[in-house]
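Here are my notes on the model, point by point. Have the coordinates open while you read.

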Amino acid sequence: MTAILEVENVSKLYGQMLAVDDVSFNINKGEVLTLLGRSGCGKSTTLRLVAGLERPDEGEIRLRGKVVVSTAQGIFVPPERRSVGLVFQSYAVWPHMTVFENIAYPLKIRRIAAAKIRAQVERIADLVGLSEYLSRPSQNLSGGQQQRVALGRALIHEPDLLLLDEPFSNLDTELREDLRLQMKDLQKRLNTSVLYVTHDQEEAMDLSHRVAVMFRGKIQQLAAPEVVYEQPENFFIQRFVGKILRFNGRLTGISGETATVRIGDAADLTAASFDQGLTVGDDVVVTVRPEDVAIVAGPEPGGCALPSTVLEKSFFGSRYELHIDTLGSVNTLPMDKTSRYDTGEQLYLSIPGGRARAWPVPPDS
Amino acid sequence: MVVVIGGFDIETIRAELLNSSETGVALRNSVILSLRAPFAALFGFAIAWVLLRFPIPGRRLIEFSFWVAFMMPVLPLTLGWTLLLDEYDGLINIWLMKLPFIDEAVFNVNSISGIIWVHMTASTVPIMVIMLGPAIRQMDASLEEAARVSGAGPARVLTDITIPMLFAAIMTGTILGFIRGLEAFEVEQFLGSAAGISVYSTRVFDLANWQPPRFEEAMALSTIVLAGLSLLAFAYQRIVRNRHFATIAGRGSSRRQLSIGKARYVISVGLVILVCISVLVPAVLLIVGSFMTLFGFFDMEQPFTLQNWATVLRDSNFFLALKNSLVVSLGAGVVGSLLYAGVAYLVIRSSLRYRGLVDFLSWLPWCVPGILLGLGLLSLVLETPGLGVFYGSLGLLVTAIVISQFPLGVSMMKSAIGQVSVELEEAAMVCGASRSRMFMNVVLPLVKPMLVSVFVLVLIAGLRDISTLVLLAQPRSLPLSILLFEYAISGSKEAAAVVGLIMSAIVMVTALVARRFGLNVGTSSAST
């Protein structure tokens, strides 16, 4: 079965800078793949390359097996002839047309009969919840309504692939969650293939079948959300996706994939270390997810407990957050409301060895 | 402004309309010539759009060249064109007549089409490109990209999305172009009078130069024109009322370009040719012409000479004119920019009851053609007891320029002052500063760039202006632009070429220096 989208070794240069660096991935029918990363990592550029709004300097892109751009063969299919739907970050809803005209536009271009257009537009409007707004001029719509117009317009000509460029970033939180759920539901019902771009990791993990974490134009890891979260391939990915606590230390022993790290100058911690090329004596960073850390009153026999001091306690309604100093490393840790540690107090962090990771010290820390 | 209305006289209007066929012909010609505005607007818009949206090689040079054409005074370039297109001596006609099947002149610059050609290439189209560019820049490129992804090709995007969205801007450009067309004077006088073509402005000039001057008829004629322009302004308001679409370009989105492959080279070459026709060709010819013994006559024994330059540069009239130009333009620049800043501040910040009226009045001069403004001021000075002493004075010229630039200047200062948050002023007052102290310490420094831009624009207007000043200047107060005009229409075309070159050089140097310093001189003009 051919993949809906095949991106093969695509690169794009802006001046001297490689905005997209040798990127490859596929999307299968009905699959949602998200490009996740900070601003400037190349995710939007990649999306625009797939849409045909930019030309790559290297590489090939195929939609449903048909080549739409190939630098080797000198092929470039312009955006109006690729069968994709695109929802822009700013929605790009045309203010001089009504909601109906906006959504109908792709069909109008394809010269579909007026009666058929009306039927299709009403069907899509019903799907995205805009049926009462069809005859309204689109000038005064709210953000959420504009977003749905853009979505309707992108879906109406039943494209092979739906491209979404940070569609929720301009909306407030409550609306964002509502629309996210609706989007998920819609995608399942229509079995649309989706290439999604965002910097919001929760969105990425919730909506995707697979996530590609991007940094500086390169894909760092491409895997299911659970895998990216639990088994990140480098420090950067683990820090970007979800929260971490980090401790500076020195490697005192290594056997196979288990390392022993001395934190500060007092405590020893075992951590997993996969294929990082670390040797004894290296400075390392040990990371662990906050949900894997337990706060205990005193050291435990046979376990690893790091002595810490509470610097600051903050209240956030549903939880407390403690700002703690652990032998020189400062971190933030949520604490549930039943525990009662306060500023200045001592506590111990219990870290199960199998849940911590050791990394070489990253260059920009 | 109010001055002009003083000429309103029903009897004379009826007399003019019924008895004077010349007036009718002049008005008809004015309208015909002004109809170039919509074509120039659409053409200029397409050029500006192509330059912004597609990766055209040489884009920066092309944009710069259009800006140069926008800045260059038109009359000197017209002189250049006569060398090529004159019915009897024009080079192109001579060359074409060498062909076997052509035995009379193909082109005649002294005709309606000649006038249209000169205006379009040297002035109207470049002005549209420069004026409409910023409107396009303000539009979010995503709106066009969304259309492409929906299946529309580049041409479809232009007609379905870009033009409708920027309709208000295009309409504004067209109306302003039309008004400017009615105002046009020196080209029509220079090219048209030899062929008996008269337009509104030349007719007024003619009437005012009778001995004794026929002011009433000139006023009557002008009232008709003003009425027409008011109707136009009214119609414009109605058409554009519901068509203003606020689009705000997101971060970087206004500069995104769409790819069109190899076609961009073809377009680039086309635009370069256009630009050469607009600026380069007439400018080169003008330079050549200034060195000719007899302007336009290439087949003489000694066609070229340095004598023209020597004569002009030794003439005391020239230096007097130069001094007058500098006084008028600098004076108008200083007085104007401060006045506009004050009025703009009043309109935006104060709570005076009549500031809406002041705002409205500040736009009136836009509708008044230069020659009419000059006429109004002239008759005001001649017919009001006590003001006669200003007749022919430099102060009068300065006043004329300041009034003529009022709408643009106030508009630009309004946009600059509007950007200074009220809170900055309030903070100063809370710290103890008085209103005037606060204006000096907070507002003026923050709007300084715009203030200097306005100063430069008024200065350049003062250097270039012919139609407003031509009725007001007397021999001792003659500025360089009027000297040029007089040389041109009196047949001393060689001297005209020299003076034209010098004047153009001064204007261009001033504009280039200002642009170098990052000033807004039409590089991103304030939106109207």
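1. Aromatic pairs first. Over all chains of this predicted model, the count comes to 14 aromatic pairs, where rings of Phe, Tyr and Trp (its six-membered ring) pair if their centres lie within 6.5 Å, with planes under 30 degrees apart called stacked, over 60 edge-to-face and the rest tilted. Take Tyr345(B) and Phe439(B): their ring centres are 4.9 Å apart and the planes sit at 70 degrees, so this one is edge-to-face. The pair links distant parts of the chain, with Tyr345(B) in helix α17 (residues 316-349) of chain B and Phe439(B) in helix α23 (residues 435-446) of chain B, 94 residues apart. Helices here are DSSP runs of H or I with at least four residues, strands are runs of E with at least two, and both are numbered from the N terminus. Tyr345(B) and Phe439(B) are both buried, buried being under 20% relative accessible area, exposed over 50% and partly exposed in between (1.4 Å probe, protein chains only). Over in chain A, Phe215(A), Phe236(A) and Phe240(A) form one aromatic cluster.

2. A word on bookkeeping. Residues are numbered from 1 along each chain as its sequence is written, while chains are lettered from A and ligands numbered from 1 in the order in which they are written. As this is a predicted model, local features need pLDDT of at least 70 and side-chain atom pairs count only at pLDDT 80 or more, though totals for chains, interfaces and linings use all residues; side-chain values use heavy atoms, with hydrogens and water left out.

3. Now the A/B contact. How many residues does the contact take from chain A and from chain B? Chain A gives 26 residues and chain B gives 25 residues, contact meaning heavy atoms within 4.5 Å. The area buried between chain A and chain B is about 2100 Å², and carbon and sulfur atoms give 59% of that; buried area is the accessible area (1.4 Å probe) that two parts lose on being put together, summed over both.

4. Seven residue pairs are in polar contact between chain A and chain B, both residues at pLDDT 80 or more. That term stands for a pair of N or O atoms within 3.5 Å; within protein, one must be able to donate a hydrogen and the other to accept it, and residues adjacent in sequence count only if both atoms are side-chain atoms.

5. Salt bridges within the chains. The structure holds 27 salt bridges over all chains. Arg189(A) and Asp185(A) pair at 3.6 Å, N to O, and both lie in helix α5 (residues 173-190) of chain A, four residues apart, about one turn of the helix. Arg189(A) is exposed at 56% relative accessible area, whereas Asp185(A) counts as partly exposed at 40%. In chain B, Asp160(B) bridges to Arg156(B) with the closest N and O atoms 3.0 Å apart. Asp160(B) is buried at 15% relative accessible area, and Arg156(B) is partly exposed at 31%.

6. Most residues other than glycine have a negative phi, and most peptide bonds are trans. The peptide bond from Gln211(B) to Pro212(B) is cis, with omega near -5 degrees, and Pro212(B) lies in the loop between α13 (200-208) and α14 (215-240) of chain B. Asn191(A), not a glycine, has a positive phi of about 55 degrees; Asn191(A) is in the loop between α5 and β9 (193-198) of chain A.

Notes:
Salt bridge = Lys/Arg side-chain N within 4 Å of Asp/Glu carboxyl O.
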